[in-house]
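Please keep the sequence and the 3D view at hand while reading.

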Amino acid sequence: MPTVATVVVTVAALYFGREVFLPIAIALLLTFALAPMVSALKRAGVPRVAAVVLSVLGAFAALALFSFIVASQVNELAHNVSLYQANILTKVRLLKERGVGGGIIARLSDVVERVGQEIDRQEPALPSAADTPKREPVPVEIVARERPLEVLQSIVGPLISPLASAGLIIVVVVFMLLEREDLRDRFIRLVGYGDLHRTTQALQDAGRRVGRYLLMQMVVNVAYAVPIAIGLWILGIPNALLWGLLALALRFVPYIGPIIGASLPLFLALAVAPGWSLLLWTAALFVVMELITGNVIEPWLYGSRTGLSPLAIIVAAIFWTWLWGPLGLVLSTPLTVCLVVLGRHVPQFEFLDVLFGNEPMLEPHARLYQRLLAGDPEEATDHAEEFLEEGYLVEFYDKVAIPALLLGEQDRVRGVMGEPQRRQVAASAQTLVANLVDSAQQEASEEEQPALADDAEPSDTKGGEDEIELPDGTDITVLCAGGRGELDDAAAAMLMQVLEVQGAEASMASFADLEPNALRRLELGSFDTVVVNFLNQDSVKHARFLVRRLKRAKAALRVGVVLWSGPGNDDNDACEKLATGINADFVADGMISAVLGALSKSAPVGLKSTAKRRRPPPRRKRALSATPTE
């Protein structure tokens, strides 16, 4: 509640104090934009005051030149508007004569006309006592003579407020650039003196993100506006320079800016020429430039990477427009970037980074587990295929899928997952494995290609960062089985698919097939190795029992146990010690070690014979000798 109250009070203060906060916000963003220029001039040997003055004068001179050109172009366009009226009326008549859209225009016109007649129609007046006709009122016009001082005040008055705001912004920018280090120290002392490292990092991150956004956005907008202006000039659109400058400025407004910048030239193309070809060529010019800018220039210059999600940009535009009007719309993206940086480095405002940041809030394995919990294996498959575009199947299972199943096992142990949910998660995981069969087959075929060369060694390596090359599993038969539940079966299915990619002939057995009554019916004669999977680390006793049962069923059988753990928890020494203790051929704790153990061609470990306990010798009954009584 205190956080909500703080947010409400802050928003109210920004809304009612917008006359004060809006110039300060503009000045702050201009300071971020001009700070690199001031630093460059200082490095070139220019004194600090001169560097600040030159930077500010240059920036505002460019803005003044931009405004003058736009104003002159608008004035020229206003004088020529009447010349285009005839072309517009001709095209409207042409559409009506051809009946475009089955007479839709005529029908709409009739509807509008009828609605207007219904609005204008007056109800019949009630009969009055006297039927004398009413006299029409005489119109009276009052003409007031204004004094010259009042006329001057009416002209200059509307200009005072914008000029005063502009002057205030210039003064604030100058002082912010001059006192930048002092303001930084004061801010650190105010909010982050107890953690200088975090506060300094937040300030540097904010300055870098906002400055880079403004600079790169300007470069992108110039690269977009110059071809637009040249193309419109070639097509013959009047005032092409005006439309290019407007396209440059309006593209700072997210999403709707380019649409507004294109609508005015399109309307002018409709009015200038009597035909339709100019309109089509103008529309094609804007569409092609938008596609090139959005898909080539912005990714190349990283102009669109602001650290915000696309939805956050839209929500921010709506919020700041409601708060501060059109200027708030222009400032929405850089201001929201500052808020996200604040939430990323200050724990009290972490919710801002969660709401508006573009970083994934859930780790890949947690997101996969959430999809399995929701019973949505299709979306889980989509995430897996995205991972497999750059990684291998063994990496996906080792780093994402198995950790997701471990989360499910933890919930089961804690008692928060019921039996229906456990079965749903296991079924969704099995469906995920089935959906990745095509990817597994494609990867298996790619793995076989390097072996086609006579003297070439396989170039594809597995195992992620350790560059471990998994062995070839040809002519090796492996049975992967679950240990104690449905989730263990899902882990076994994933291991089986990885072994098939390596060329082994792998099969699957459920945990129910390892029950004492069902184990006798399990055909083990065709298998070289059996790998039993456990997601629960406390299953060592059960694993020892299954190892002994399987080795008794087939003496030449290699039996391995996988006690799954998260990535980065490998402990080979502990696994070897545990394997010796439970009489297993190998014990693994990850996908890589499990595949290495399953495809090993070492001889099986013999079953240790347990010596029978010697029964203690029977206690001899002490013979009681009767002594003769005398």
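At roughly what angle do the axes of helix H17 (residues 393-414) and H20 cross? The model is a predicted one, in which local features need pLDDT of at least 70, side-chain atom pairs count only at pLDDT 80 or more, and totals for chains, interfaces and linings use all residues. Residues are numbered from 1 along each chain as its sequence is written, and side-chain values use heavy atoms, with hydrogens and water left out.

**Helix packing**

The axes of H17 and H20 cross at roughly 175° and come within 10 Å. Axes are lines fitted to C-alpha atoms, for helices over the stretch in contact, with angles from 0 to 180 degrees between N-to-C directions. The two helices, H17 and H20, are therefore roughly antiparallel, a term for angles over 145 degrees. On the H17 side the contact (heavy atoms within 4.5 Å) includes Leu-393, Tyr-397 and Leu-405, and on the H20 side it includes Leu-487, Met-494 and Val-501. Helices (H or I, at least four residues) and strands (E, at least two) are DSSP runs, numbered from the N terminus.

**Strand E1 and its partners**

Helix H20 (residues 486-501) also belongs to a right-handed β-α-β unit, together with E1 and E2. Right-handed here means that, with the strands pointing away from the viewer, the path from the first strand over the helix to the second runs clockwise. E1 pairs with strand E2 (residues 505-509) in the parallel sense over five bridges; pairing requires that DSSP finds at least two bridges between two strands. In this pairing, Ala-481 has Ala-509 of E2 as its bridge partner. E1 also runs parallel to strand E3 (residues 529-534), joined to it by five bridges, and Val-531 in E3 stands opposite Cys-480.

Strand E1 (residues 477-482) is largely enclosed by the rest of the structure, because six of its six residues are buried. Buried means under 20% relative accessible area, exposed over 50%, and partly exposed in between (1.4 Å probe, protein chains only). In a regular strand the side chains alternate between the two faces of the sheet. In E1, Thr-477, Leu-479 and Ala-481 are buried on one side, and Val-478, Cys-480 and Gly-482 are buried on the other.

Ser-539 is buried, at 1% relative accessibility. Leaving aside residues up to four places away in sequence, Ser-539 touches Arg-484 and Phe-534.

**Salt bridges**

There are nine salt bridges in the structure, each a side-chain nitrogen of Lys or Arg within 4 Å of a carboxyl oxygen of Asp or Glu. Three of them are listed below.

| Salt bridge | N to O distance |
|---|---|
| Glu-290 and Arg-251 | 3.0 Å |
| Arg-371 and Asp-376 | 2.9 Å |
| Arg-371 and Glu-379 | 3.0 Å |

Glu-290 is partly exposed at 28% relative accessibility, whereas Arg-251 is buried at 7%. Arg-371 is buried at 14%, while Glu-379 is partly exposed at 33%. Elsewhere, salt bridges with shared partners join Glu-419, Arg-422, Arg-423 and Glu-486 into one network.

Notes:
Angles under 35 degrees count as roughly parallel, over 145 as roughly antiparallel, 65 to 115 as roughly perpendicular and the rest as oblique.
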